[in-house]
Amino acid sequence: MGEVSKLLAEYGPAFGQALFLTWKLTVLSFVPGFVLGIVVTVLRLFPLPPLRFVLTVYVEIFRNIPSVALLIFIVFALPDLNVLIDYEPAVILTLTLVCSAFTADYLRSGINTVAGGQAEAALSLGMRPMRIITAVVLPQALRAVVQPMTSLLIALMLSTSLASQVPFPGRELTALVSKIATDSAAGMAAFAVAAAMYVVSGLLIAWAGATLEKKVRILR
């Protein structure tokens, strides 16, 4: 315990900055990933087989490719194609693509929980197909996937450790632990502090997700 206290006295501000960077990367990846996932989901509902095929391939690729491999491709392979992306945007792009694929997959499952009779009833009332998707089907699908999306957000927060694999401007928690372990003998204490911060962050996200799920359950 004394070693942890000594570590926090010396690196306390650094841990605060690393935690903030971890949260920042999580938000900057989740929000566009969530929006992109919704767009992919809606487009997959259109009766256009070629479009559905392309988007299905998109989802399967980014849902199954390891995040580290995707990051390495973006950082080291794209420059050979004259596409240069800085390290921070590369990490955010990697996490966004993965998040969008899982979001689209979860939303497809959520849409399957919506009774088909509701869409038929909306059509009989003269609603346009796009209006049915956005006003009838999609809201119910979103309510059905709160818990999976909460788990995805936690996984995304943990995956921000990808930033430690590239010369990232600033250090998130994992990169900070690696630096402390290299520079001093307090590696285990640093790991314990970082692990505690990850756990607390995950518990806060889980609590927020459970609270939201209770509220949307009332709306169903």
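This note sets out numbered points on the fold, the packing and the side-chain pairs of the structure above.

1. **Overall fold.** The model is predicted. Its chain contains nine helices and zero strands, and from the N terminus on the elements therefore read α-α-α-α-α-α-α-α-α. The C-alpha trace spans about 70 × 50 × 20 Å along its principal axes.

2. Of the 220 residues in the chain, 39% are buried. The accessible surface of the chain amounts to about 12100 Å², and carbon and sulfur atoms contribute 69% of that surface. Among contacts with a separation of 6 or more, 77% are between residues 24 or more positions apart.

3. **Helix α3.** This helix covers residues 67-77. Its buried residues are Ser67, Leu70, Leu71, Ile74 and Val75. Viewed down the axis of α3, these buried residues fall within an arc of 120°, so they line one face of the helix. Their packing partners are α2, residues 49-64, and α4, residues 87-112.

4. **Nonpolar patch.** Val27, Val31, Val35, Leu36 and Val39 form a nonpolar surface patch of about 380 Å². One of these residues, valine 35, belongs to helix α1, which runs over residues 2-44. Valine 35 counts as partly exposed because its relative accessibility is 47%, a value that lies between the limits of 20% and 50%.

5. **Aromatic pairs.** In one of them, the ring centres of phenylalanine 30 and phenylalanine 34 are 5.8 Å apart and the planes stand at 15°, so the pair is stacked. Both residues are in helix α1, four residues apart, which is about one turn of the helix. Phenylalanine 30 counts as buried, at 17% relative accessibility, whereas phenylalanine 34 counts as partly exposed, at 24%.

6. Phenylalanine 102 is partly exposed at 22% relative accessibility, and tyrosine 106 is partly exposed at 24%.

7. The structure holds four salt bridges. In one of them lysine 24 pairs with glutamate 88, and the closest N and O atoms are 3.3 Å apart. This pair links distant parts of the chain, with lysine 24 in helix α1 and glutamate 88 in helix α4, 64 residues apart. Lysine 24 is partly exposed, with a relative accessible area of 32%.

8. Arginine 63 and aspartate 105 meet through their side chains in a salt bridge, at 3.9 Å from N to O. Since arginine 63 lies in helix α2 and aspartate 105 in helix α4, the pair ties together parts that are 42 residues apart in sequence. Arginine 63 is partly exposed, with a relative accessible area of 25%, while aspartate 105 counts as buried, at 13% relative accessibility.

9. Arginine 108 and aspartate 105 both lie in helix α4, three residues apart, about one turn of the helix. Arginine 108 counts as partly exposed, at 39% relative accessibility. Glu60, Arg63, Asp105 and Arg108 are linked in a network of salt bridges.

10. **Backbone at asparagine 82.** Most residues other than glycine have a negative phi. Asparagine 82 is not a glycine, yet has a positive phi of about 65°. Asparagine 82 is placed in the loop between α3 and α4. With a relative accessible area of 72%, asparagine 82 is exposed.

Notes:
Residues are numbered from 1 along each chain as its sequence is written. This is a predicted model: local features need pLDDT of at least 70, side-chain atom pairs count only at pLDDT 80 or more; totals for chains, interfaces and linings use all residues. Side-chain values use heavy atoms; hydrogens and water are left out. Buried means under 20% relative accessible area, exposed over 50%, partly exposed in between (1.4 Å probe, protein chains only). Helices (H or I, at least four residues) and strands (E, at least two) are DSSP runs, numbered from the N terminus. The arc is that of the directions from the helix axis to the C-beta atoms. Contact means heavy atoms within 4.5 Å. Patches are made of residues with over 30% relative accessible area and no salt bridge: like charges are joined within 9 Å, nonpolar side chains (Val, Leu, Ile, Met, Phe, Trp, Tyr) within 5 Å. Accessible areas come from the Shrake-Rupley method with a 1.4 Å probe; for residues, only the protein chains shown count as cover. Rings of Phe, Tyr and Trp (its six-membered ring) pair if their centres lie within 6.5 Å; planes under 30 degrees apart count as stacked, over 60 as edge-to-face and the rest as tilted.
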